[in-house]
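Please keep the sequence and the model in view while reading.

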Amino acid sequence: MLRFIGQLSSKCLRSSVKTTTTRSYSLQTPRPSQRTGGSGPGAESIRKTNLRSTLYYVTAGGVLIVGLSYAAVPLYRMFCQAYSYGGTTSQGHDAEKVETMEKVKDRIIKVRFNADVASSMRWNFRPQQYEIKVAPGETALAFYTAKNPTDHPVIGISTYNVVPFEAGAYFNKIQCFCFEEQQLNPHEEVDMPVFFYIDPEYVKDPKLENVDSITLSYTFFEAREGLKLNFPAYAKPHTAAA
């Protein structure tokens, strides 16, 4: 009797071990689709759809970059003139305001003029005067001189800004040569006028209470295809009264 019970227990144990091993193997064995990474018409269709979507995004991004490169200069000009970005002066002056604005006689501002050229620009460029004293509400006229010393025509384009940047919102140009292409023939020299005024609201800005000297700077670049002008890092909206 004892021998029969021992044999029965041994058989049950071996059956239990075999069943456990089989279940463990079935859990670890991957399905055919998992081993092959997916196949068939459905998987191929998904791969083609993903590839087309990627191509569409890349093409759209390329078109956007090309469009922005062509629009960089006019967009920069409009944006900076509207908001006086980075000390860029405001050109949205009102002709009637210029005629009727009152001069602030007890506040004199010294305007200094600076001229620079890019490393690849072959012009000689300088201000004819290094400073002018002007009162807010008073118009003033200054001149720069540009000369092409080379033996072939050179086309230039200029940017400008005002330092300190806060003063740019009140520095209004009535006439200037910025953002317009200028062609100088070999050895040609020209005078470039800047007709401007400082808005009377300048004296009401607490940030400019002790600022009696500002600098107007121009930089000339050689106009070439694909030229991108650097966008100012500092922004200040135009707060002058209309």
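The model discussed here is predicted. Arg122 forms a salt bridge with Glu222, and the closest N and O atoms of the two are 2.6 Å apart. Because Glu222 belongs to strand β9 and Arg122 to the loop between β1 and β2, the pair ties together parts that are 100 residues apart in sequence. Glu222 is buried, since its relative accessible area of 12% falls under the 20% limit.

## Further salt bridges

How many salt bridges does the structure hold? There are five salt bridges in the structure. One of them joins the side chains of Lys103 and Glu138, with an N to O distance of 3.8 Å. Lys103 is placed in the loop between α4 (95-100) and β1, and Glu138 in the loop between β3 and β4, so this pair connects parts that are 35 residues apart in sequence. Lys103 is partly exposed at a relative accessible area of 43%, and Glu138 is partly exposed at 27%.

A salt bridge is also formed by Glu131 and Arg112, whose closest N and O atoms are 3.9 Å apart. This pair links distant parts of the chain, with Glu131 in strand β3 and Arg112 in strand β1, 19 residues apart. Glu131 has a relative accessible area of 37% and is partly exposed; Arg112 is partly exposed as well, with a value of 35%.

## The five-stranded sheet

The strands β1 and β3 that carry this pair belong to an open sheet of five strands, ordered β3-β1-β9-β5-β7, with mixed pairing. Its edge strands are β3 and β7 (182-184), each of which pairs on one side only. On average, neighbouring strands of this sheet are turned by 30° against each other, direction ignored.

Within the sheet, β1 and β3 pair in the antiparallel sense over four bridges. Arg112 stands opposite Glu131 in β3, and the two residues of this facing position are those that form the salt bridge described above.

## The four-stranded sheet

Another open sheet has four strands in the order β2-β4-β8-β6, and the pairing is antiparallel. Strands β2 (124-127) and β6 (171-175) stand at the edges with a single partner strand each, so one side of each is left without a neighbour in the sheet. From one strand to the next, the twist averages 30°.

Strand β4 (residues 139-147) runs antiparallel to β8 and is joined to β8 by nine bridges. Phe143 stands opposite Pro193 in β8.

In soluble globular proteins, nonpolar side chains tend to be buried together. Here the largest nonpolar core has 37 residues, and those with the most contacts inside it are Val111, Tyr144, Phe196, Tyr202, Ile214 and Tyr218. The elements that give two or more residues to this core are β1 (109-117), β3 (131-134), β4, β5 (154-163), β8 and β9.

## A buried aspartate in a loop

Asp205 lies in the loop that connects β8 (189-198) and β9 (213-222). Is this residue, Asp205, buried or exposed? Asp205 is buried, because its relative accessible area is 10% and the limit for burial is under 20%. The side chain of Asp205 reaches the backbone nitrogen of Lys207 at 2.9 Å.

Methods: Residues are numbered from 1 along each chain as its sequence is written. This is a predicted model: local features need pLDDT of at least 70, side-chain atom pairs count only at pLDDT 80 or more; totals for chains, interfaces and linings use all residues. Side-chain values use heavy atoms; hydrogens and water are left out. Buried means under 20% relative accessible area, exposed over 50%, partly exposed in between (1.4 Å probe, protein chains only). A polar contact is a pair of N or O atoms within 3.5 Å; within protein, one must be able to donate a hydrogen and the other to accept it, and residues adjacent in sequence count only if both atoms are side-chain atoms. Two strands pair if DSSP finds at least two bridges between them. Axes are lines fitted to C-alpha atoms, for helices over the stretch in contact, and angles run from 0 to 180 degrees between N-to-C directions. A nonpolar core is a set of buried Ala, Val, Leu, Ile, Met, Phe, Trp, Tyr and Cys residues joined through side-chain atoms within 4.5 Å. A salt bridge is a side-chain nitrogen of Lys or Arg within 4 Å of a carboxyl oxygen of Asp or Glu.
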